Amino acid sequence: MNNQPPEEILKRDQNDPLATFRDRFELPDGVVYLDGNSLGALPRSAGPRLQQIMLEEWGRDLINGWSDHGWLNLNQRIGDRIAKLIGAGDDEVIIADSTTINIFKMVTSALEMRAGRKIILTEDDNFPTDLYILESVARLAGDDCIILKVPRDDLLDAIDDQTAVVVLTQVNYRTSAILDMAAITEKAHTEGALTMWDLSHSAGALPVDLNGCDVDFAVGCGYKYLNGGPGAPAYIFAAHRHQDALKPALAGWMGHSRPFDFSRQHKPADGIRRTLTGTPAILALAALEEGVKTFDGVDMYMAREKSMALTDLFIDLVEQKLTGFGIRISCPRRAEDRGNQVTFSHPQGDRLMQALIDDDVIGDFRAPETMRFGMAPLYVRYEDIWLAVKSLYNILENEIHLQPKYDERHEVT
Ligand SMILES: *Cc1c(COP(=O)(O)O)cnc(C)c1O
């Protein structure tokens, strides 16, 4: 492949209506970053905002910060911003804990709302933490709960009048395949079951319409497409109609209607706040707010168009330039059927990814042989896709990945 991207690729970047949003991020020169589906890039505004909150709010105003700077409502303020990205209303989304913990909380509450039904239905290839935490729910519920894990194609048929709650991730973390949220939620409701969707790979990646699909509960990650920073707090969605019936599975003082009464009895707060547990991490919330703000003024339909074009370009280039190297396309072929990530399988995928990273093309690897490349629509360029394929071509052509330095697997992939 040539050293420079062809003119038509550079033209696509020049004509990209979202091109200027890249300026909202701090990205190192010369790096092709295709891992925003695992850790979003650093928003330029995050450093100054954290500096400000530390020195001017915490440092100067000390404990008064809770009231003077609205720290206690930060989780709801950011929740309202995320709500706009996922088709939810005001006061339906709040930031709390981690995704893992939020799944536990929401599934346990949902199970309680469907007393008499035992089955939690999920996909057998759901994200591991989702599966692990469901096992924890089942263990604590004892005889009252069974986890049913089925292949994605069998999900619709598996929902019946014994199903308490259907727990699914909209976009699969490995294959990038999208589940039909509307159809599955509708079937669940027809059978009297509830739904809980994990949006970790969908929020900020594609338009999500929770209320349009009549979803009951949802959770998701702050540090992937939402750019909230490493280990950013997660969010919870509970539809208005369920909020007052929801018994918090982990009742904590921040979910109390009057935490500062220090009452000995837990009385759940009105609305979504009852899902809170303990004191929010304000510095982490401040970073997450800057991450979510990078979507200000972004039309998610337009962002999705761009990511579909980027993933299509990646697949086309791999098909044109990398034939004969044993690379298999392992995500859905139609752009509408996949999220903002392409995945390729290769028996030496791990080595290939390490060699790519050494060449400043950052994607990631998921065992046993999947290479993932995420297209965060606000900062990935068409040029980046070409550079990534060129790098992969050079590595394969020169067998760089077979060098002994790639014998070992990294701890975090
Ligand atoms: C990334 C991810 C998580 C992560 O959960 P944490 O509690 O933040 O570690 C959960 N579910 C899915 C589907 C994910 O992709």
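## Ser 38 and its neighbours

Ser 38 touches Tyr 223, Lys 224, Asp 364, Arg 366 and Arg 372, not counting residues up to four places away in sequence. Touching, or contact, means heavy atoms within 4.5 Å. Ser 38 sits in the loop between strand E2 (32–33) and strand E3 (42–43). Helices (H or I, at least four residues) and strands (E, at least two) are DSSP runs, numbered from the N terminus. Ser 38 and His 201 are 163 residues apart along the chain, yet their C-alpha atoms are separated by 8.8 Å.

This is a predicted model, in which local features need pLDDT of at least 70 and side-chain atom pairs count only at pLDDT 80 or more, while totals for chains, interfaces and linings use all residues. Residues are numbered from 1 along each chain as its sequence is written, and side-chain values use heavy atoms, with hydrogens and water left out.

## The ligand site

The ligand is surrounded by 13 residues (a heavy atom within 4 Å). The closest are Thr 100, Asp 198, His 201, Tyr 223 and Lys 224. The shell divides into three nonpolar, seven polar and three charged residues. Here Ala, Val, Leu, Ile, Met, Phe, Trp, Tyr, Cys and Pro count as nonpolar, Asp, Glu, Lys and Arg as charged, and the others, Gly among them, as polar. Helix H5 (99–113) and helix H6 (128–141) each supply at least two shell residues.

The protein covers 87% of the 390 Å² of accessible area (Shrake-Rupley method, 1.4 Å probe) that the ligand has on its own.

## Two domains

An automatic or database assignment divides the protein into domain 1 (7–30 + 299–406) and domain 2 (49–293). Their contact takes 26 residues from domain 1 and 17 residues from domain 2. The C-alpha centres of the two domains lie 30 Å apart.

Domain 1 and domain 2 bury about 1,500 Å² between them. Buried area is the accessible area (1.4 Å probe) lost on putting two parts together, summed over both. Carbon and sulfur atoms carry 56% of it.

## Backbone exceptions

Most residues other than glycine have a negative phi, and most peptide bonds are trans. Asp 91 is not a glycine, but has a positive phi of about 65 degrees. Asp 91 lies in the loop between helix H4 (74–85) and strand E4 (93–96).

The peptide bond from Ala 367 to Pro 368 is cis, with omega near 0 degrees. Pro 368 belongs to the loop between strand E14 (364–366) and strand E15 (370–374).
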